[in-house]
Amino acid sequence: MISVEHQGPDAPSQSTRPRERGSVISRGTRVYLRTFTPADLDHLSAWVDDPFLERMVGSEFLQSYKHVWDKSPAFFEAVLTDPTQIVLVIEAQRGWTKPVGVVRLFNIHLLEGYAFLETIITDVRAMKRGFGVEAGKLVSYYGVDVLGLRRIEAKVYEYNVLSMNSLRRNGFRQEGILRQAGFDGERYWDLVIFGILKEEIETQRQKDKVYLPLDPPEGNGREPS
Amino acid sequence: MSAVEAEMQEDAGTSAAAQTTPGLERLRLAGPLTAVTAPALRARIRQGVAEGRTRIEIDLQAVTALDAAGIAALLEARRVLEAQPSGTLALRANDVVCRALRDTGTIAAFALWTGPGM
């Protein structure tokens, strides 16, 4: 018989890991990814009310917590038991007392081998430090290695140059544009589609380098279509 | 429950049958089968195959949650076992597991055991 200690949120009380810390799933040089825990709902509650995040990311995950689940604690269980997404919290290796964001693979199609990526750096002070780039890289490796994905896709508002640059640094390619598919409350914006294939992720893995400091965004990050 | 437990049982046949029949491994999992616990299942399957046990039955009736990582581990187990001569994987699933497999369109990928106790 084998017995494996479960270090997740419902770990036994004698576990040495603090309840709110979750289990580390992947570790990089600057950030690590851990499991989502009930205590993270407090962070989510703050993030969903941040108008900057709302405009830059427009996350269905955050919107669902706020508008569908009305910030209910039951949201945690819903996430945990949703087999079509993996939600991981981004923690900086040092210097931060709170999570710096959340990354998730969603609309996971295990048999077909594709999923969608969403990376949210929630603290403005944590931006342009390579956290989002590394988190995206780690979760991409996770998608390939653990979930058996062969393709990952991401959508970005056309004005979110920082996210577009992060995706490109991880080897994502711009594949197309959904014209005026996003609405920020005032006007419609294009959504830029990025994608990466398993072989391209492996190529990135061989480089395995995080570029710091990140270049500042310049002009329109969209490529001509 | 807070643990994934796997119990291995040798095929309950005669000693002669045991000598000529590849070993049967029965795993009983309890608690969440998720990103945290799925690696243990993967390791157990790989170990079993390496030791020549290519007929595996997994009892998931005590599983309380199943996420994409857990399903991916089951899919990998099926793939690894079916690549072996006479390798098979059978799952005994509860409602939680069946719902997750249905929601992800993977239920048809598995042989589900619905008979009496394993």
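A: A:Tyr32 lies in strand S3 of chain A, which covers residues 31-35. Please note that this is a predicted model.

Q: Is A:Tyr32 buried or exposed, and why?

A: A:Tyr32 is buried, because its relative accessible area is 9% and the cut-off for buried is under 20%.

Q: Which residues does A:Tyr32 touch, leaving out those up to four places away in sequence?

A: A:Tyr32 touches A:Arg21, A:Val24, A:Ser26 and A:Arg27, and also A:Val89, A:Ile90, A:Glu91, A:Ala92 and A:Gln93.

Q: And how many Å apart in space are A:Tyr32 and A:Gly22?

A: From C-alpha to C-alpha, A:Tyr32 and A:Gly22 are 12 Å apart, with a separation of 10 residues in sequence.

Q: Changing topic: how many cavities of 30 Å³ or more does a search of the whole structure find?

A: The search finds two cavities of 30 Å³ or more. The largest cavity has a volume of about 40 Å³.

Q: Which residues line the largest cavity?

A: The lining of the largest cavity consists of A:Lys137, A:Ser140, A:Tyr141, A:Asn170, A:Phe172, A:Ile196, A:Ile201 and A:Gln204. By class, four of the lining residues are nonpolar, three are polar and one is charged.

Q: Which helices each supply at least two residues of that lining?

A: They are helix H5 (131-145) and helix H7 (198-207) of chain A.

Q: Which element gives the most to the lining of the largest cavity?

A: H5(A) gives the most, with three residues.

Definitions and conventions. Residues are numbered from 1 along each chain as its sequence is written. Chains are lettered from A and ligands numbered from 1 in the order in which they are written. This is a predicted model: local features need pLDDT of at least 70, side-chain atom pairs count only at pLDDT 80 or more; totals for chains, interfaces and linings use all residues. Side-chain values use heavy atoms; hydrogens and water are left out. Helices (H or I, at least four residues) and strands (E, at least two) are DSSP runs, numbered from the N terminus. Buried means under 20% relative accessible area, exposed over 50%, partly exposed in between (1.4 Å probe, protein chains only). Contact means heavy atoms within 4.5 Å. On a 1 Å grid over the protein atoms alone, a cavity is a set of points where a 1.4 Å probe fits but cannot get out, and a pocket is an open set with protein on both sides within 12 Å along at least five of seven lines; lining residues have an atom within 4 Å of a point. Grid points are joined across faces, edges and corners, and a volume is the space filled by probe spheres set on the points. Ala, Val, Leu, Ile, Met, Phe, Trp, Tyr, Cys and Pro count as nonpolar, Asp, Glu, Lys and Arg as charged, and the others, Gly among them, as polar.
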